[in-house]
Amino acid sequence: MMKGFLLNRDRFLKILDDINVWDVIIIGGGATGLGIALDSASRGYKTLLLEQSDFSKGTSSRSTKLVHGGIRYLAQGNIKLVYEALQERGLLLQNAPHLVKIQRFVIPIFSWRMGFLYWSGLKLYEWLAGSLSFGKSKFLSKKEILNIFPEMKPDKLKGGILYYDGQFDDSRLAINLAQTCVKKGGVLLNYFQVKNLIKKVGNKISGVVADDLETKKKYSIYSKIVINATGVFSDSISKMDQCTCPILIKPSQGTHIVLKRSFFSSSNAIVIPKTSDGRILFSVPWYDHVLVGTTDTFLDKCILDPKPLEKEIDFILQTFKKYFIHSPRKSDILSAFSGLRPLVVPHHLSSTTSAKDISRSHKLMISPSGLVTIIGGKWTTYRKMAEETVNKAIEIGNLNKVPSSTKNIKIYGAFSYECKNPNSYWKKYGEDEYHIKKLIEENPLLGDSLISQTQNTSYYCTKAEVIWMVRHEMARTIEDVLARRFRLLFLNAKKAIDIAPRVAALMAQELSKDEEWEKSQVAAFKELAMQYYYPVV
C-alpha cells in the first residue's frame with residue numbers, strides 16, 4: 001500500500017517540527033489553496049498548507065457539482081473566462097476520470113427568438129472548447145424533450161437544445177488533490193488555524209503563527225512566501241497584515257436543495273437560463289438524487305456554516321414547479337445547503353450592483369509586505385489560478401524558477417484506473433477501491449452498510465469506508481465523514497443524523513477517543529445537520 005502518498009496528520013506534524021524554513025505556506029484548504037499546494041509541491045518547493053477546519057469545509061464543498069465553462073458568462077461577453085474554463089474542464093476530465101464525467105444538459109426553448117440566441121451561444125461554447133469539446137450540441141423537438149423529461153410541463157414548450165458539460169464530486173476531488181500534493185512532497189494540516197503573520201525587518205512577511213486546534217500547541221512557522229487562499233475570509237488575513245488597502249469582498253450566497261429522483265427521473269440535466277433573480281437554475285442528477293439550484297443573494301457577513309434563507313428555498317421551489325408537473329414542498333427537501341462566493345467588488349461599482357453582474361474572474365493581489373492573496377474564480381479553473389499564483393510567488397519570494405507541470409499531472413485516484421462500470425458506487429475511490437475492499441476481505445463485518453438497505457438506496461456507506469477515511473483521508477470529526485467524504489449530509493440530512501452514532505463509534509475506536517467524545521460529536525453533528533434538514537424543527 002502506498003502509505004507515503006496518503007494523508008496522515010501525525011506524520012505531517014513530525015515533518016513540521018523538522019523543517020526550519022518553508023519555501024511556500026498556503027493559508028486555506030479549499031479548491032484554490034489545494035490547487036496552489038499541488039502546483040507548488042510539484043515544482044519541488046517545500047510546501048505547507050494550513051486549514052483552520054477540514055479540507056473544502058467552506059464554499060468548495062457546496063458547489064453545483066459542475067465542471068463547466070459557464071454559459072452565462074457568454075451573455076456577459078466574458079469570452080476569455082469561458083475559453084479558459086473550457087480548456088480547464090477538458091484537462092480535469094483527463095486528469096480525474098474517476099470523479100469527473102461528461103453530463104448531457106438540455107435548455108428548454110419557450111421562444112424561437114431566445115432559442116436562436118441559445119443555439120448561437122452554445123455553438124460558440126462548443127467552438128471555444130476546441131479539441132477538448134465534450135460533444136456537439138443539437139436541437140431537440142418538443143416531443144423529444146418530453147420523452148427525456150416526462151415530468152416537464154408542455155405549456156408553451158417549443159423544443160430544446162442539448163449540449164454537454166461536466167459533473168464532479170467537489171469535496172472528494174479536494175481530498176484527492178491533497179493526496180496528490182502529498183505524493184509530490186507537500187505537507188497539509190487540517191484543524192490548524194493561522195492566528196497572525198510574522199514580519200521581519202522592513203515589514204516583510206516571513207511566516208505565520210498558528211495553533212493546532214487539536215493539541216492546542218502554538219507554532220511559529222517560517223517561510224519565504226505566504227499565500228492567502230482563504231476565499232470569503234481573505235479580509236481576515238489581510239487585517240493581520242495591517243494592509244492599508246482592504247480587500248473589498250462582497251459574499252454572495254448560493255443555495256441548493258436536494259430532492260428524490262421521483263421529482264426528476266431523467267439522467268439528463270436541465271438548465272433554465274433566466275430566472276426571476278437573473279441566475280441560471282440547474283436541475284442535475286447527482287448520486288441517485290436530484291440537485292436543484294442555485295441562488296445569488298448578497299450577504300453582509302461571512303460565516304463558516306451559512307444557512308439557506310427561507311426566501312431562497314421558496315424561490316427554488318417556486319421556479320421548479322413553474323416548469324415541472326410535481327410541486328415539491330419544503331417537507332420533500334432531503335437536504336438544503338448554502339455556499340458563499342467571494343466576489344471581489346471593484347471600487348467603481350455602486351451599492352445597488354447585483355451579485356449576478358459582478359465578474360467571477362479571479363483576482364491576484366500583492367500587499368506591500370509581500371503577502372500574496374488570490375480571490376474569486378471557480379472550481380473548474382482552480383488549476384490555472386494555482387499556476388498563476390505560484391508564478392507570482394516565485395517572483396515575490398525569489399524562488400528558483402521552475403515551470404508548472406500540473407496540466408499533465410494525474411489526480412490521485414486516477415492512476416491506472418479503468419472504469420469497468422461507470423455507475424459503480426466505488427468509482428469515486430479510483431484505485432483506492434482495491435484497498436477499501438481489502439479491508440472488507442480481512443474483516444467481512446466492515447462490509448456492512450451503515451444505512452438500512454430496506455430503504456431502497458444504492459448509497460451504502462460501509463464501515464470499511466469510515467475506517468479508510470480516518471486512517472488515510474484525515475477525517476477527524478463525524479462532519480468530515482458524513483458531509484465531505486460520504487456526502488450523505490448533502491444528500492439526505494435525516495439519514496446522516498440517523499447513522500451519526502454508528503460513525504462516531506467507529507471513529508472513536510480509530511482515534512482512541514472515549515465515550516464522552518462520541519456523545520459530544522453526535523450532539524454537535526446533529527445541531528449542524530438540522531440546518532440542512534427541512535422542515536426545520
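In this predicted model, helices α15 (residues 493–511) and α16 (residues 515–529) have axes that come within 9 Å and cross at roughly 155 degrees. An angle over 145 degrees counts as roughly antiparallel, so that's the label for α15 against α16. The crossing of α15 past α16 is right-handed.

**The α15/α16 contact**
- On the α15 side, the contact is made by Ala493, Ala496, Ile497, Ala500, Pro501, Ala504, Ala505, Met507, Ala508 and Leu511.
- α16 puts in Trp517, Glu518, Val522, Phe525, Lys526 and Ala529.
- Sort those contact residues by type and you get 14 nonpolar, two charged and no polar.

**Helix α13, mostly covered**
- α13 spans residues 478–485, and eight of its eight residues are buried.
- After α13 comes Arg487, with a positive phi near 75 degrees.

**The nonpolar cores**
- The largest nonpolar core has 62 residues, and Leu16, Leu48, Leu50, Leu173, Phe192, Val208 and Ile221 have the most contacts inside it.
- Helix α7 (residues 170–183) gives this core its largest share, seven residues.
- Setting aside neighbours within four places in sequence, Phe192 touches Arg9, Leu13, Leu16, Leu50, Glu51, Gln52, Ala210, Asp211, Asp212, Tyr219 and Ile221.
- Apart from that core lies another, of 51 residues, with Phe337, Leu439, Trp468 and Leu511 among them.
- Leu511 also shows up on the α15 side of the contact with α16.

Terms used: Residues numbered from 1 in each chain as written. Predicted model: local features only at pLDDT ≥ 70, side-chain atom pairs only at ≥ 80, totals over all residues. Heavy atoms only, no water. Core = buried A, V, L, I, M, F, W, Y, C linked by side-chain atoms within 4.5 Å. Buried < 20%, exposed > 50% of the residue type's maximum accessible area, 1.4 Å probe, protein only. Helix = DSSP H or I, 4+ residues; strand = E, 2+ residues; numbered from the N terminus. Contact = heavy atoms within 4.5 Å. Axes fitted to C-alpha atoms, helices over the stretch in contact; angles between N-to-C directions. Parallel < 35°, antiparallel > 145°, perpendicular 65-115°, else oblique. Left-handed = near helix turned anticlockwise from the far one by under 90°. Nonpolar A, V, L, I, M, F, W, Y, C, P; charged D, E, K, R; others polar.
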